[in-house]
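Let's take a walk through a protein model together. Keep the 3D view open and turn it as you read.

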Amino acid sequence: MSSVMRPSTAGASSSAPVAHNAVPPPPTTSASRSSRIAPHSHIKGLGLNAEGYAVADSGGFVGQVAAREACGVVVDLVKSRKFSGRALLLVGPPGTGKTALALAISQELGAKVPFCPMVGSEVYSTEVKKTEVLAEAFRRAIGLRIKETKEVYEGEVTELTPTESENPLSGYGKTVSHVIVGLKTVRGTKQLRLDPSIYEAILKEKIQVGDVIYVEANTGAVKRVGRSDAYASSYDLESETYVPLPKGDVHKRKELVQDVTLGDLDAANARPQGGQDIMSVMGSLVKSGRTEITEKLRREVNRVVKGYVDQGVAEVVPGVVFIDEVHMLDIECFTYLNALLESPMAPTVVFATNRGNSIVRGTTDIAAPHGIPLDLLDRCLIVRATPYNKQEIAKVLQLRANVEGLQLGEGVLEQLAEKGVNSSLRYALQLLTPASILAGIAGRKEIQLEDVNEMGELFLDSKTSAAVIEARSKEAEA
């Protein structure tokens with residue numbers, strides 16, 4: 001969830017006129033901070049107990065007991081590596097928590113597991129082929145945890161002296177022949193005589209005496225960790241990261257762990273920028289136009305990754321691809337998905353749709369359940385998300401009010417739950433924050449019934465809006 005800071009209004013005059021119907025600027029303090037609340041901020045997991053049974057109103061979920069328990073079984077299958085070549089299909093009306101179930105599956109699998117959400121209509125791009133978009137999403141959902149044990153020199157810089165000599169190629173000027181670097185740790189000090197190319201890396205990192213650095217013995221790569229905390233009291237105001245003096249010897253073996261995805265490796269190798277180790281490869285990624293990755297390059301990346309895995313250097317971490325509105329894919333995408341699911345490096349695939357029997361996109365005469373061809377549908381475990389009743393809608397509304405820090409007056413929850421039954425849960429949820437703004441203008445901390453009634457007049461639900469348009473059309477025809 002991304003956090004944003006509201007602009008401070010401390011310098012604004014308190015007597016400044018406020019525009020009609022505008023919200024007065026809230027009083028701010030130095031410690032006040034507002035966080036953006038995402039639609040699924042409250043989802044923390046599937047909310048299952050140790051036996052796999054759903055706990056009532058746990059993990060941020062309300063209801064959907066059968067769907068949550070079914071997803072828990074799928075999580076166990078994925079963890080035991082017995083879900084390859086299959087997919088999970090979540091079906092149900094809009095607003096029944098299909099996206100929340102997919103997000104909860106990802107969280108149950110672990111924080112380090114890649115989660116790649118997309119919508120079916122994303123594949124129709126003018127830049128690359130639609131099958132390429134699907135392949136890229138699948139590659140981004142396969143993680144690779146690389147553990148490298150490197151020989152490094154680490155410590156606080158106590159000396160940084162470049163030694164110059166006459167330039168052998170010219171009679172004018174001098175060139176750096178080598179650089180003397182002194183490093184200090186808790187256990188001692190060491191003086192290094194380094195190549196001039198490493199001195200260029202030191203200048204590029206803006207390293208100076210007092211910085212904590214490490215130098216890789218094999219590649220000569222230099223990394224600045226931060227400023228030594230011995231200098232922390234040198235400045236009253238300093239935007240520097242202070243780190244403690246390294247322990248152990250200056251010369252040591254250090255284990256570095258890097259989490260990347262196959263999609264990152266594909267992109268880095270499609271636009272090589274130089275560098276031998278994984279850190280250099282990741283640093284070479286640039287923000288440019290989308291590049292279509294060839295199948296030959298992917299096979300080569302797979303071969304290198306397999307070598308890393310066989311050596312015990314890397315570990316493959318299959319993630320989750322979530323394709324919402326899967327009925328928007330066409331027949332060509334569905335046939336390509338069959339091939340992707342059969343790949344030896346296939347992630348966990350979760351589909352979601354709110355369609356019943358419909359024509360498969362890209363055809364004129366092939367009707368199938370959920371708009372998905374039968375050959376792909378046979379690969380899916382299907383989980384049904386059921387609509388919420390009035391009591392469950394009230395619990396969801398109260399949960400969201402708690403997450404957003406809203407206080408509900410007497411009878412407000414009952415009326416909003418009634419609106420959720422008559423129109424939709426999403427419509428009732430959307431009225432919460434506007435009603436709180438209206439209550440704030442009136443100087444109240446609690447949302448009252450009058451605020452909800454006024455919001456119902458200002459913002460129509462889909463059924464009322466359609467009825468109004470239909471009535472106007474009939475009047476115009478008459």
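Is Glu-404 buried, partly exposed or exposed? Glu-404 counts as partly exposed because its relative accessibility is 26%, and the cut-offs are under 20% for buried and over 50% for exposed. One thing to keep in mind as we go: this is a predicted model.

Now look at who Glu-404 pairs with. Glu-404 forms a salt bridge with Arg-400, and the closest N and O atoms are 3.5 Å apart. Both residues sit in helix H10 (residues 390-404), 4 residues apart, which is about one turn of the helix. Arg-400 has a relative accessible area of 8%, so Arg-400 is buried. Why would two such side chains team up at all? Side chains of opposite charge can pair when their charged atoms come close.

Arg-379 forms a salt bridge with Glu-342, and their closest N and O atoms are 2.5 Å apart. Glu-342 counts as exposed because its relative accessibility is 53%, whereas Arg-379, at 22%, is partly exposed. In total, the model has 22 salt bridges.

Let's move to the inside. Where does Phe-61 lie? Phe-61 is in the loop between strand E2 (34-35) and helix H1 (65-79). At 3% relative accessibility, Phe-61 counts as buried. Leaving out residues up to four places away in sequence, Phe-61 touches Ile-43, Gly-45, Leu-46, Arg-68, Ala-100, Leu-101 and Ala-104. Also check Lys-395: Lys-395 is 334 residues from Phe-61 along the chain, yet their C-alpha atoms are separated by 9.6 Å.

Most residues other than glycine have a negative phi. Glu-325, though not a glycine, has a positive phi of about 50°, and Glu-325 lies in the loop between strand E13 (320-324) and H8. His-370 isn't a glycine either, and its phi is positive at about 65°. You'll find His-370 in the loop between strand E16 (367-369) and helix H9 (374-377). Glu-325 counts as partly exposed at 25% relative accessibility, while His-370 counts as buried at 15%.

Now for some open space. The second largest pocket holds about 900 Å³. Its lining is made up of 34 residues, and Ile-142, Pro-344, Met-345, Ala-346 and Pro-347 lie nearest its centre. Which element gives the largest share of that lining? The answer is H7, with 6 residues. Elements that each supply at least two lining residues include helix H3 (130-140), strand E5 (142-166) and helix H8 (331-341).

Finish on the outside. Leu-460, Val-468 and Ile-469 form a nonpolar patch on the surface, and together they have about 260 Å² of accessible area. Val-468 belongs to helix H15 (residues 462-477), and with a relative accessible area of 35%, Val-468 is partly exposed.

Terms used. Residues are numbered from 1 along each chain as its sequence is written. This is a predicted model: local features need pLDDT of at least 70, side-chain atom pairs count only at pLDDT 80 or more; totals for chains, interfaces and linings use all residues. Side-chain values use heavy atoms; hydrogens and water are left out. Buried means under 20% relative accessible area, exposed over 50%, partly exposed in between (1.4 Å probe, protein chains only). Contact means heavy atoms within 4.5 Å. Patches are made of residues with over 30% relative accessible area and no salt bridge: like charges are joined within 9 Å, nonpolar side chains (Val, Leu, Ile, Met, Phe, Trp, Tyr) within 5 Å. Accessible areas come from the Shrake-Rupley method with a 1.4 Å probe; for residues, only the protein chains shown count as cover. A salt bridge is a side-chain nitrogen of Lys or Arg within 4 Å of a carboxyl oxygen of Asp or Glu. On a 1 Å grid over the protein atoms alone, a cavity is a set of points where a 1.4 Å probe fits but cannot get out, and a pocket is an open set with protein on both sides within 12 Å along at least five of seven lines; lining residues have an atom within 4 Å of a point. Grid points are joined across faces, edges and corners, and a volume is the space filled by probe spheres set on the points.
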